[in-house]
Amino acid sequence: MPGLTVATATVPGTAADTATEGTQMSESVVDTVSHQTGETLLDVQDLKTYYEDGGLLGGDPVKAVDGVSFEISRGETFGLVGESGCGKTTLGRTLIQLETATSGTVSFDGTDITELSGGDLKEWRRNAQMVFQDPESSLNDRMTVGEIIREPLDVHEQGTARERREKVRTLLDQVGLMPEHYYRYPHQFSGGQRQRIGIARALALEPEFVVLDEPVSALDVSVQAQILNLLEELQEEFGLTYLFIAHDLSVVRHICDRVGVMYLGNLMEVGPTEQLFQRPENPYTRALLSAIPEPDPTVQVDRITLPGSPPSPRDPPEGCPFATRCPVRIRPEDIDASDAVWDRIREFRDVIRERSRAEQSIGERLKERLGFDTALADSEEIVDEEFSDVDLPRDVREHVEQAATYLSDGDPDAARAYLREVFGGQCDTETPQYYDVDDGRMSFCHRHAQEHVSPGDELRRRGYDTHDG
Ligand code: SF4
């Protein structure tokens, strides 16, 4: 696993000393040896976590995690990346039973922990802990550092009071803090030091598995390297297994052995970190990684800008979760239209789809989007405004006019269903399967089937500069 050298850390006692905490991460990155054993510690199968959010009218549940399967080896660091709201934190919390799974299994060393309750669950919880993103708010400012770290030991009645205090002092040392910090309060520490306190508390019960939820994203870059170094040292020393949740792709690339790319509650691609970063296969992974500046100036990869925003997890698309934004969505063969026309059709379908999110009527949203200032637009106006600058083939025009008529009649659901029927392809109707695209790498996309043009080739055909593969 790539890792970080430990910068010389002075561990002062006040926030004013933050500036002494370390060097830039980029200066301290070196390769270290992987600690994985290859033995599966965590086996997740078709896991779903849905929320009923208690809205006034009830309605559909929020599908935060919508059927993910993967394994984590003992001693491995498995990364989870994706846009905010993709479900990665909910997935992490479900793996350690801070959230209740709706269905599916999480086997931890062979035991399905979603079935545990009461004393069994409490006992198992010692095995799995979490380090939170924000060290400013995750520590109780009314407790001393010693009390904060000792609390899990007290709750689980570990040893005598004296042994617990000794254990806390050992933990302080292991995370690079000083014995005298025992009696200080969190507000007397810098962000990096507070995260060290959070890590010490997470390790107090000697867990095997730790969920690190954006553990360095609230810290200065100079401090991030130190915390990442510490996490790697502790992993080596105690044989820990990590789930590392992050939106910072460069941090993930440095610290993770394997990565899962999440979108709308689904894993779009899973595989060894370097292969996935160098040769992404899934269209969503390609788009996500195209946003990272390319370190090699001879490699030209233009950013793939995705249209629109992710759909609501309360109303995810049927078929592929990425279908509403995918730049290489498979089109139906019986419609012959230009790329520009297909872009307009997608926009038109988006507007109608967003109806379920908006409190305002579809007429209001259309007026806002298309700039109308009159009452509900009639179907002719709608078609003119959305499609005025593209040359519509006759059959496409007939279809959009029919949908616009449904809209004008106040029936956006019928318009949506109609457009889906006439313009939807395989991506809109069939859930993809996982394809083995490389040694140990899986991608969730119809385009890996033999009868289709691959995602990379299709992206290039549509004018994108994308990664090889
Ligand atoms: S299945 Fe279709 S929509 Fe989904 S990523 Fe592949 S090409 Fe895009």
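Guide: Two strands count as paired here if DSSP finds at least two bridges between them. The model is a predicted one. Strand 3, residues 40–51, and strand 6, residues 103–108, pair over five bridges in the antiparallel sense. In general, the strands of a sheet pair through backbone hydrogen bonds, either parallel or antiparallel. This pair belongs to an open sheet of four strands, ordered 4-3-6-7, with antiparallel pairing. Strand 4 (62–73) and strand 7 (111–112) are at the edges with a single partner strand each, so one side of each has no neighbour in the sheet.

Next, a pair of helices. Helix 6 (residues 191–203) packs with helix 7 (residues 221–238) at an angle of about 20 degrees, and their axes are 10 Å apart. Because of that angle, helix 6 is roughly parallel to helix 7. The crossing of the two is right-handed. On the side of helix 6, the contact is made by Gly191, Gly192, Gln195, Arg196, Ile199 and Leu203, and helix 7 contributes Val223, Gln226, Ile227, Leu230 and Leu234. By class, the residues of this contact are six nonpolar, four polar and one charged.

Last, the ligand. It is surrounded by 14 residues, of which Cys320, Cys326, Cys427, Cys445 and His446 are the closest. The shell around the ligand consists of eleven nonpolar residues, one polar and two charged.

Conventions. Residues numbered from 1 in each chain as written. Predicted model: local features only at pLDDT ≥ 70, side-chain atom pairs only at ≥ 80, totals over all residues. Near = placed C-beta within 6 Å. Nonpolar A, V, L, I, M, F, W, Y, C, P; charged D, E, K, R; others polar. Axes fitted to C-alpha atoms, helices over the stretch in contact; angles between N-to-C directions. Parallel < 35°, antiparallel > 145°, perpendicular 65-115°, else oblique. Left-handed = near helix turned anticlockwise from the far one by under 90°. Contact = placed C-beta atoms within 7 Å.
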